[in-house]
Amino acid sequence: FQMADEIKAQFGEEIGKLQQLEKDHENYVRIRHKLVRELAENKLIKEGMDVHGDDAVVYKQIGRTFIPQDTIETRTNVDTRIEAISDGMKRVDSALEGFGSKQSAQKDKIVALQQKFKKMAS
């Protein structure tokens, strides 16, 4: 019975690890969706600025007030944000790539423990 209890405890641990992997995966997916929205928004701003050129007046909304901004500085800020968001997406995509194999390996461990327990029970 002691071995069965050890297997049950190990089974519970492995289930917990799988659940944590799934939570982490969901979190990365949420982060990626947020980055996709931010990237689209900043690309839209950049396109608008490209259409109007450097002589356009750009405003930044702070609260209820619109404050004029330097067009060149704004263009640089938008380009920097696009680059940072793209880098963030690459990091998230890289992290997401590994989750499939990690989850599969964890499920295999759980199945092996189930089979081990079944052998003991019979």
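In total, 6 salt bridges turn up, a salt bridge being a side-chain nitrogen of Lys or Arg within 4 Å of a carboxyl oxygen of Asp or Glu. The model is a predicted one, so local features need pLDDT of at least 70 and side-chain atom pairs count only at pLDDT 80 or more, while totals for chains, interfaces and linings use all residues. Residues are numbered from 1 along each chain as its sequence is written, and side-chain values use heavy atoms, with hydrogens and water left out.

Glu14 counts as buried because its relative accessibility is 6%, whereas Lys17, at 40%, counts as partly exposed. Setting aside neighbours within four places in sequence, Glu14 is in contact with Gln106, Lys109, Ile110 and Leu113 (contact means heavy atoms within 4.5 Å).

Arg75 takes part in two of the bridges described here. With Asp50, the closest N and O atoms are 2.8 Å apart. That pair ties together distant parts of the chain, since Arg75 is in helix H2 (residues 71-121) and Asp50 is in H1, 25 residues apart. Arg75 also meets Asp54 in a salt bridge, at 3.1 Å from N to O. This second link is again between distant parts of the chain, running from the loop between H1 and strand E1 (58-62), where Asp54 lies, to Arg75 in H2, 21 residues apart. Through shared partners, Asp50, Asp54 and Arg75 end up in one salt-bridge network. Arg75 is buried, at 17% relative accessibility, Asp50 is partly exposed at 45%, and Asp54 is exposed at 51%.

As for H1 itself, its 51 residues should span 75 Å at 1.5 Å a residue, and the end C-alpha atoms are 76 Å apart, so the two agree (the expected span is 1.5 Å times one less than the number of residues). Buried residues of H1 include Ala4, Ile7, Leu18, Leu21, Leu35, Leu39 and Met49. The buried residues of this helix pack against E1 and H2.

The largest pocket has a volume of about 250 Å³. On a 1 Å grid over the protein atoms alone, a pocket is an open set of points where a 1.4 Å probe fits, with protein on both sides within 12 Å along at least five of seven lines, and lining residues have an atom within 4 Å of a point. Grid points are joined across faces, edges and corners, and the volume is the space filled by probe spheres set on them. The lining includes Glu41, Asn42, Tyr59, Lys60, Glu73 and Arg81. H1, E1 and H2 each give two or more residues to the lining, and H2 gives the most, with 5. By residue type, the lining splits into 4 nonpolar, 4 polar and 4 charged (Ala, Val, Leu, Ile, Met, Phe, Trp, Tyr, Cys and Pro count as nonpolar, Asp, Glu, Lys and Arg as charged, and the others, Gly among them, as polar).

Technical notes: Buried < 20%, exposed > 50% of the residue type's maximum accessible area, 1.4 Å probe, protein only. Helix = DSSP H or I, 4+ residues; strand = E, 2+ residues; numbered from the N terminus.
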